[in-house]
Amino acid sequence: MVAADRVEIAVPAGDVLGETPLWCGRSGKLWWIDIDRQLHQSFDAATGAHETVHHDCRFLGSQALTSDGAHILAQDLSLFRRDAASDLTSRLCEVETGLDNRLNDGRVDARGRLWIGTMDNELHRPNGSLYRVDGSAVARMFGDVIVTNGIAFSPDNRTLYFTDTRRYRTWSFDFDLDDGTIGDRKLFADYAASGERPDGTCVDVDGGLWTAFFSGGRVVRYRPDGRIDTIVPLPVTNPTCVCFGGNDYKTMFVTSARKFLDTGQLSSEPEAGHLLAIHGLAQGLPEHRFV
C-alpha cells in the first residue's frame with residue numbers, strides 16, 4: 001500500500017471527465033482531455049502552464065501522439081488530426097457508423113497503428129467494438145463490448161490488454177506485432193462479482209500493468225501473471241486513467257472525474273477532476289506514435 005500523502009495535485013483542472021493522459025517527451029508536456037467539456041489540454045512541467053483547446057463535437061473520446069508532432073483526436077465516431085503548428089484539425093477517417101456509440105480509449109502499438117474502441121452511450125448495451133486503424137484504413141477486430149477501456153501493450157510487444165469497464169473485466173491477448181493480429185482472449189482480472197470498474201491503464205518497464213478504478217478511489221499494479229502487488233489510494237473517487245511521464249518517466253499522472261458525484265461528495269472531495277501526480281512508484285515507457 002502506497003501512502004496517500006504521496007499524491008500531489010499537478011493541475012487543478014476540475015474536469016468533468018478527465019481521460020487519456022499521454023506524456024510527450026519532445027515537448028515536455030502532459031496531454032489529456034476532458035471528454036464531456038470537449039477540451040484538449042496540456043501541462044508544461046517546466047513552466048507549470050496549463051492550456052486548453054475546445055473542439056466542436058459531442059464527445060472528445062481519446063487522443064494519440066503522432067510521428068510528426070501532431071495529435072490524433074477521437075471526436076464522436078471519427079478520428080481527426082490536430083496539427084501542432086497551425087492548430088487546425090482535419091478528418092482522418094470515420095471509424096464506425098449507425099450505432100448510438102462513441103469512440104473511447106485507444107493506444108498506439110510499436111508499428112504506429114492505433115487500437116481504439118467504441119462504447120455504448122447508454123453504458124449497458126454491448127454495441128461497442130475494438131478497431132485497428134493503420135493510416136486511414138480501419139479494421140474491426142471484435143465486438144460485443146459495452147465500454148472499451150484499458151488498452152495497453154506489454155513492453156515486449158507480445159501481449160495486448162483490453163478492459164470492458166461495464167463488464168468489470170480485463171483480458172489479455174497474444175499479440176503479433178508484425179501482422180497486427182491478436183489471438184484468443186484470456187481472462188486477466190475479474191471484478192464481475194463485486195461490480196468494481198477497472199478503467200484506463202499503462203505499463204511500466206518491468207511489464208507491470210497499472211489500472212485506475214473508476215468509483216474505486218485507487219490505482220493498482222498487476223504483475224504480468226495477474227497478481228496485484230501495489231495499491232495506491234487516491235483522494236478522488238473517480239480516477240480514470242494513468243500514464244508515466246517526466247524526463248525520467250518516473251512520475252505517474254492520474255486523470256480524474258467529477259462526473260457522477262453528488263453535491264455532498266463534491267464538497268468533501270475538492271480534488272475531484274484534478275490531474276494528480278505521484279513520484280517514484282515505477283518507471284514507464286515512452287508512448288508509441290501514430291504513423
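C57 is buried, with a relative accessible area of 15%; buried means under 20% relative accessible area with a 1.4 Å probe on protein chains only, exposed is over 50%, and partly exposed lies in between. The model is predicted, so local features need pLDDT of at least 70 and side-chain atom pairs count only at pLDDT 80 or more, while totals for chains, interfaces and linings use all residues. Residues are numbered from 1 along each chain as its sequence is written, and side-chain values use heavy atoms, with hydrogens and water left out.

**Cysteines**

A disulfide is a covalent bond between the sulfur atoms of two cysteines. Here the cut-off is a pair of cysteine sulfur atoms within 2.5 Å. The structure has zero disulfides. For C57, the closest cysteine sulfur belongs to C93, and at 15 Å it is too far for a bond. C243 is in no disulfide either; the nearest cysteine sulfur, in C202, is 6.5 Å away. C243 is buried, at a relative accessible area of 1%.

**Around L22**

C243 is also among the contacts of L22. L22 sits in strand β2 (residues 18-24); strands are DSSP runs of E, at least two residues long, and helices are runs of H or I of at least four, numbered from the N terminus. L22 counts as buried because its relative accessibility is 6%. Contact means heavy atoms within 4.5 Å. Leaving aside neighbours within four places in sequence, L22 touches residues including K29, W31, R107 and E287. A64 is another contact of L22. The two are 42 residues apart in sequence, yet 7.7 Å apart in space, C-alpha to C-alpha.

**Pockets**

A pocket is an open set of points on a 1 Å grid over the protein atoms alone, where a 1.4 Å probe fits, with protein on both sides within 12 Å along at least five of seven lines; lining residues have an atom within 4 Å of a point. Volume is the space filled by probe spheres set on the points, which are joined across faces, edges and corners.

| Largest | about 320 Å³ | L17, R102, M119, L123 and F260 |

In the largest pocket, β10 (101-108) and β18 (197-203) each give two or more lining residues. Its lining has eight nonpolar, four polar and eight charged residues. Ala, Val, Leu, Ile, Met, Phe, Trp, Tyr, Cys and Pro count as nonpolar, Asp, Glu, Lys and Arg as charged, and the others, Gly among them, as polar.

In the second largest pocket, β5 gives the most to the lining, with three residues.
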